[in-house]
Amino acid sequence: MEYDPLVDLPGGDNFHDVTALFEDAAEDMHPGALMLTNGFTLLDAMSSFEIGEPRFDSGLALLDKSKPSFNPLAPLTPEEVCWIIDRSFSCEMEWHSGYTLSQTIYSFLYVHSLKEIDPDLVPGGSPPRSDSLRPPELITVVLRAALLGLLKCCDLSWRELNKGNVYDAEDWQSEKCDVPLSEALPVKYICKVLDEACRWLETSAKVQQPWKAMLMNRLMFRKSLIVLFETQLSQPHSSLLPTMINLSLQLLRPIMTVTPSEPAADSPARLAFDPQFPRGIVSYIPLHIIQLPDQTHTWALLEGLLTSLRNVNDLANTAELTTWEVAGHLQLWCPRPHSRFPYVRSITQSAFWDGVLVLNKFALKHVVVQFFRETLDIPYDVFTQNIMTRWQGPAPPPLAQIERTMTQILITNIKALWYNPPRRRRFCAKSLFDWHELFVVFMDVCVRLAPLEDQKKLDHVRRARVAVLMYRLCVVREVVLSGFQLSLYTNEERVFAYWYVVQVLEMHLSCIDQLMPGMSSDSNAYFELSYQLQFLTALQSLSITVFAITVKQTTFSWRRTRLNFLRRYKWAFTPEYEDIDLQPFGHPSFTKFATACESMQKDKQFSLDSIALAIEVLSCLVTSPDGWAGRWSEERKKFVQKLLDVCIDLQRHLPSTEQALTTCDAKTLKWDADVHPWFPIISAFPPAPP
């Protein structure tokens, strides 16, 4: 389908040239002149623009010069030091959440005062009698150790994030602004400093309980994080990781239960954090002031980070690709709170493939072997032998090309499950052509094979071709449904998306019907396909109902809808497809959609039978065999239950007749990704608890 992007513009072409209007308004100004009010500079003007990213939208705010200056050696009580260490964890977790180092870690002013608090450089002497509760060692020994540990954790995290698994300025912020993160200090030295600080606390009479124990807990927790991050960076498959993660969680729990109170308004501890300080640092992007989260939220973030790392470790010891896909899809569709940190997503990709080995122990061929075992329930050697014995082509069969292409596609497909959702969607759309090329190779191979002598035997090559098509249809479904989760669609686009999902699922179910016969009924491959058959049937039934409702409540501007269709599904009309004779299966058709809409709007018979079918199927699915889900089976059942709850709510609140549907308010349908990523709810339906 061809269109002219300069003429067929979404929204029409009724534009007017206003250049003359601006020229008249500026006729008294000289070329290149700029009018600014007093005290308002060009930098202020540039920084005041909203650039579409709340993390960086600095706005216009003057520096607050009324605060007293920061003195890094100002005496502090143990409670104040404990509070400062806790707030430094808040800075760290905000950086992990996507803010810059300047806005988070660098707003902790002790980061810029390491020399001033070095015990070897601080003048000696006993503190005054009035400061006996504020020993200087709390700063030069305890706080300094916590600070070095913080910087080393950031350094180790920075190195992992900088591997390229996640994207700088998109998932995380790498800019250091020439401020060191203890890169030159080895982990053993930092751990030694932390041990010495704990030893001082344990033996010193200058700090009393409960602060002695609370400070030691925080230092030991920081040490456990350093050892954990260092091990994950250098040995992502170490057998010691589960013990390290459990130790960190064990140390975190008492810290979460008792937190120090807020310092007084005139306490020097409050001066340790200056959110405006980053504005004095040279930076490539304008920065706005952020407020650190409360301490309870910070501990929840840390607990979520450690729990996610434990899940990564479980995945790293899982050889089945389908299990990786199940876990990856679940964390995309219904992510746990505080689980999708860029660091976790990078560690997960590193654990799967480090650029040389798969799961740190398998050659690249492993992904192809697993594809045939988990999808077709046959060894890969059986597939290759089947081709070799039946090959009739003039040249050798393209087995090396098939293996190489499948390896590349499957590895990148699994890694992409841990991209951020927009990039994941773009990747899927681009990968569809690669899947189509692979499908064409299988088609060419099938043409050059001799017929089977025994027609009752399974044709493994043709079954593999169907499996490749099935995987491609999975990706198409992901591209379409992810648009709901990302809130991309207009009302008209939602109608098309549900109709298109129904068509894709119909082809997907047909592929499953072709693959299941001949499989061993007690194999995981059979259980997984059976699970997918039921799940996709329920998904299709619910999509049919939502399409029927939305199409009857939507007034179409067909010209605008067609232009939006070309824009939204441009991935289906890329020129690369024209170079291949075989047309791709499952691509969208606007003509068929328009015909379906016209037929549906004329149809006066409406019922909720499709939702009833979806409820019946999903109810059975909750208790079905796990297939390849492994230890993620319970999470998958929770997702199914979530979809079942949406079906029950729609059945309860939607009108059941055509006449009632015409009077139904379309605004009662609410698309809320926090409740369900793909389907609407009724406005009275309460959102899911966080």
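Aspartate 171 and arginine 345 form a salt bridge, with their closest N and O atoms 2.9 Å apart; a salt bridge here is a side-chain nitrogen of Lys or Arg within 4 Å of a carboxyl oxygen of Asp or Glu. Aspartate 171 sits in the loop between helix 4 (137–161) and helix 5 (187–203) and arginine 345 in helix 10 (residues 342–352), so the pair ties together parts that are 174 residues apart in sequence. Helices (H or I, at least four residues) are DSSP runs, numbered from the N terminus. This is a predicted model, in which local features need pLDDT of at least 70 and side-chain atom pairs count only at pLDDT 80 or more, while totals for chains, interfaces and linings use all residues. Residues are numbered from 1 along each chain as its sequence is written, and side-chain values use heavy atoms, with hydrogens and water left out.

**Salt bridges across the chain**

- The search of the whole structure turns up 24 salt bridges.
- Both aspartate 171 and arginine 345 are buried, where buried means under 20% relative accessible area, exposed over 50%, and partly exposed in between (1.4 Å probe, protein chains only).
- Arginine 218 and aspartate 86 also meet through their side chains in a salt bridge, at 2.6 Å from N to O.
- That pair links distant parts of the chain, with arginine 218 in helix 6 (residues 211–234) and aspartate 86 in helix 3 (residues 78–96), 132 residues apart.
- Arginine 218 is buried, and aspartate 86 is buried too.

**Glutamate 635 and arginine 336**

- Here the closest N and O atoms of the salt bridge between glutamate 635 and arginine 336 are 2.5 Å apart.
- Glutamate 635 belongs to helix 21 (residues 633–653) and arginine 336 to the loop between helix 9 (321–333) and helix 10, so this pair ties together parts that are 299 residues apart in sequence.
- Glutamate 635 has a relative accessible area of 19%, so it counts as buried.
- Arginine 336 has 36% relative accessibility, so it is partly exposed.

**A salt-bridge network**

- Lys152, Asp155 and Arg159 are joined in a network of salt bridges.

**Around alanine 316**

- You will find alanine 316 in helix 8 (residues 295–316).
- Its relative accessible area is 3%, so alanine 316 is buried.
- Leaving aside neighbours within four places in sequence, alanine 316 is in contact with His237, Trp324, Ala351 and Leu359, contact meaning heavy atoms within 4.5 Å.
- From C-alpha to C-alpha, alanine 316 and phenylalanine 352 are 6.5 Å apart in space, and they are 36 residues apart in sequence.

How values were computed
Helices (H or I, at least four residues) and strands (E, at least two) are DSSP runs, numbered from the N terminus.
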